Number of protein chains: 2
Amino acid sequence: MVKKVSILGSTGSIGCNALDVIDSLNHNEYNIKVICLSTNSRISLLAEQIKKHSPETVVIGDKKAYEEFKSNFSFPETEILFGNDALSEISGRDNYELLISALVGFSGLRPTVNAIKSGKDVALANKETLVVAGKLINQLIEKYKVKLIPIDSEHSAILQCLAGENISSVSKIILTASGGPFRNKTLKQMKDITVEEALSHPNWKMGKKITIDSATMMNKGLEVIEAKWLFKTETEKIDVLIHPQSVIHSMVEFIDGSIKAQLGIPDMKIPIQYAITYPDRINSVHSKMDFNLFNSLTFENVDTDKFRCLRIAYDVIKEDSSSAVVMNAANEIAVDLFLNGRIDFLSIPDIIERELDRHKPSPDTDLENIINVDKDTRIYLREKYSI
Amino acid sequence: MVKKVSILGSTGSIGCNALDVIDSLNHNEYNIKVICLSTNSRISLLAEQIKKHSPETVVIGDKKAYEEFKSNFSFPETEILFGNDALSEISGRDNYELLISALVGFSGLRPTVNAIKSGKDVALANKETLVVAGKLINQLIEKYKVKLIPIDSEHSAILQCLAGENISSVSKIILTASGGPFRNKTLKQMKDITVEEALSHPNWKMGKKITIDSATMMNKGLEVIEAKWLFKTETEKIDVLIHPQSVIHSMVEFIDGSIKAQLGIPDMKIPIQYAITYPDRINSVHSKMDFNLFNSLTFENVDTDKFRCLRIAYDVIKEDSSSAVVMNAANEIAVDLFLNGRIDFLSIPDIIERELDRHKPSPDTDLENIINVDKDTRIYLREKYSI
């Protein structure tokens with residue numbers, strides 16, 4: 001049986017890993033056909049992916065990159081589209097079954113909504129979608145009876161720990177966090193962090209946005225919110241625990257005192273494959289865990305004075321409003337400003353907090369309101385920082 | 001709904017913990033009625049348990065203790081029986097639903113067989129039953145359509161990790177082992193180990209037999225064999241990993257490279273409660289895991305030159321024969337000799353190996369053959385050591 005898959009964000013870290021996983025599954029018992037791929041601007045890599053996987057359609061997000069691609073490459077068998085509207089449109093088509101959403105940031109929202117509305121299962125790496133629209137997404141999942149399977153290693157771990165268990169038996173979800181590269185720095189030392197330092201994550205090789213989010217621990221904050229919606233859990237039941245080795249990907253504590261954890265080498269191919277084959281498991285050629293190499297697993301508490309972004313996320317999710325949209329948009333802009341050398345590392349939470357102060361939270365969670373709040377925040381900040 | 005439970009070996013460590021768990025469950029949503037209790041010779045404790053739990057029947061294994069009990073105590077509402085035959089008989093009665101078998105050693109076999117034959121589920125702490133008669137027990141479980149739920153923390157952990165998973169997806173069962181009190185001793189130092197040293201386990205408070213088995217790591221060997229029968233797994237797929245903190249109770253590795261682990265404070269109440277409420281989980285008042293207290297989990301390989309009993313068990317289970325019965329009987333006698341100061345610590349594996357050399361393995365696994373092989377081994381060794 002052929003499984004037809006579309007990967008949005010196929011040239012990013014998750015997208016490339018997903019294509020590797022599909023290759024390895026196709027050499028095994030599976031038969032996966034790639035229907036659609038997309039990139040923002042990495043057109044040479046996209047061209048290679050087209051040669052190898054012969055998708056029906058590709059979408060290029062950046063106008064200039066699209067023009068360049070059209071003049072440099074020729075793939076007569078492949079439909080070449082441009083822009084965000086195309087991403088949303090192809091997500092609603094009927095020529096595939098599973099959307100792997102590996103887009104970065106807010107841009108992942110509309111394609112995911114359209115995929116769900118057209119009855120597709122979604123393997124979600126784009127956590128921002130649930131952060132800004134968790135309530136809406138959950139309503140749509142229920143209405144259209146589709147599955148939303150997390151790709152994030154933490155949420156994949158929790159999903160695996162919950163297999164065969166009753167959600168009402170859960171007393172706590174324990175999201176582990178590497179603590180990023182600055183776990184042992186003082187708040188004072190954190191002021192002078194360079195972009196290069198922030199981009200070198202100790203355990204995971206990932207895209208720039210998520211790597212900076214890991215360094216500020218906003219990534220963990222986004223994951224707390226993601227966990228709330230994915231597992232329909234009260235925020236008070238979601239804990240974050242620093243585990244520098246990133247071997248235990250997360251844990252679930254049950255009401256009887258028992259804890260289940262999912263472990264493995266820090267390799268995104270494992271949760272990506274699980275999301276594709278869920279709920280089955282398929283033989284994998286990826287390297288297995290060697291406890292001689294990972295012979296000591298340690299745990300620490302998080303210091304939310306140092307990692308203020310995590311506290312902000314916990315505060316925001318308490319109210320279940322449009323504040324999460326503002327937090328997410330302000331964070332995306334702030335990370336961008338930091339990456340471009342415009343602000344220092346500790347200004348990231350400052351900017352987010354100021355935007356939240358400015359915002360009047362609304363409980364309205366329809367798609368248009370979410371898109372408007374996101375747009376307003378970005379317009380204001382872009383103007384303020386002359387981006 | 002009332003759940004009727006019999007506990008054989010109720011005055012041992014597992015038995016007492018099981019009664020505590022039943023108390024706490026009865027204060028919660030459960031309604032458990034204790035039908036039968038048994039002890040070998042701890043009659044004062046048994047008397048207290050009768051007062052508190054009003055069982056219909058109690059069995060006392062030791063003749064002298066039985067006589068003493070009859071003359072010192074009067075419980076007109078409770079039937080007082082004597083000996084192993086009574087244990088087997090009451091296990092086959094129709095007045096209860098779940099047998100908690102917490103007997104020590106080979107004596108647990110016949111009551112478990114009778115319980116299964118009369119359609120009872122069995123919560124098994126007595127691993128020797130599966131070691132000597134795993135094949136037979138599995139045949140009976142299938143025939144009488146009952147559940148066998150492990151109480152051992154390791155096997156409970158594996159059962160929990162397998163919830164919602166397909167057994168064909170398992171690539172490895174990883175039994176964790178504390179390594180006992182002599183993990184860091186050299187083989188030379190191990191020669192002079194005293195009974196007192198061997199009885200002080202670093203993490204678990206247990207009965208004498210299992211504590212010595214933990215010190216020689218025969219306990220882990222018995223658990224490897226137990227795991228083979230419980231989870232119907234090839235021995236090559238069962239690994240032992242030293243984990244001195246006894247926080248991760250065991251793990252399962254799947255074919256996709258993912259590993260699931262079950263964790264918790266080292267408290268037998270958790271697996272006992274899980275065995276009683278399986279597959280449900282019930283709120284527990286027992287203390288929860290605090291990662292500030294257990295903030296470092298470490299792993300080491302086992303040295304089977306030092307812990308020869310583990311190697312013996314792996315060798316024995318390769319052949320699936322009466323050798324396991326000999327190994328178990330010789331181990332019980334050798335542990336007894338060591339506890340009585342008759343042999344030194346390292347002679348325990350010597351005695352077992354000599355008995356295995358003397359034995360002609362038979363593939364015959366019916367109950368009578370198992371009982372005869374066990375009896376022959378004991379008679380020979382008792383004669384040899386004038387016990």
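Mentor: Buried means under 20% relative accessible area, exposed means over 50%, and partly exposed lies in between (1.4 Å probe, protein chains only). We are looking at a predicted model, where local features need pLDDT of at least 70, side-chain atom pairs count only at pLDDT 80 or more, and totals for chains, interfaces and linings use all residues. Residues are numbered from 1 along each chain as its sequence is written, chains are lettered from A and ligands numbered from 1 in the order in which they are written, and side-chain values use heavy atoms, without hydrogens and water.

Trainee: How many of the residues of helix H7 of chain A are buried?

Mentor: Helices (H or I, at least four residues) and strands (E, at least two) are DSSP runs, numbered from the N terminus. The buried residues of H7(A) include Ser153(A), His155(A) and Leu162(A). Helix H7 of chain A is therefore largely enclosed by the rest of the structure, its buried count being 10 of the 10.

Trainee: What is the arrangement of the rings of Phe182(A) and Phe345(A)?

Mentor: Rings of Phe, Tyr and Trp (its six-membered ring) pair if their centres lie within 6.5 Å; planes under 30 degrees apart count as stacked, over 60 as edge-to-face and the rest as tilted. The whole structure holds 16 aromatic pairs over all chains. In this one the centres are 5.2 Å apart and the planes of Phe182(A) and Phe345(A) stand at 80 degrees, so the pair is edge-to-face.

Trainee: How many residues apart in sequence are the parts that this pair ties together?

Mentor: Phe182(A) and Phe345(A) are both buried. Phe182(A) sits in the loop between strand S8 (170–177) and helix H8 (187–190) of chain A. Phe345(A) belongs to the loop between helix H14 (323–339) and helix H15 (347–358) of chain A, so the separation of the two parts is 163 residues.

Trainee: Is Tyr278(A) buried or partly exposed?

Mentor: Tyr278(A) forms an edge-to-face pair with Tyr274(A), 5.6 Å centre to centre and 75 degrees between the planes. Tyr274(A) has a relative accessible area of 2% and is buried. With its 25%, Tyr278(A) is partly exposed.

Trainee: Over the ring of which residue does the charged end of Arg358(B) sit?

Mentor: A charge sits over a ring if NZ of Lys or CZ of Arg is within 6 Å of the ring centre and within 35 degrees of the ring normal. In chain A, Lys63(A) lies over the face of Phe82(A), at 4.5 Å from the ring centre. For Arg358(B), the distance is 3.5 Å and the ring belongs to Tyr380(B).
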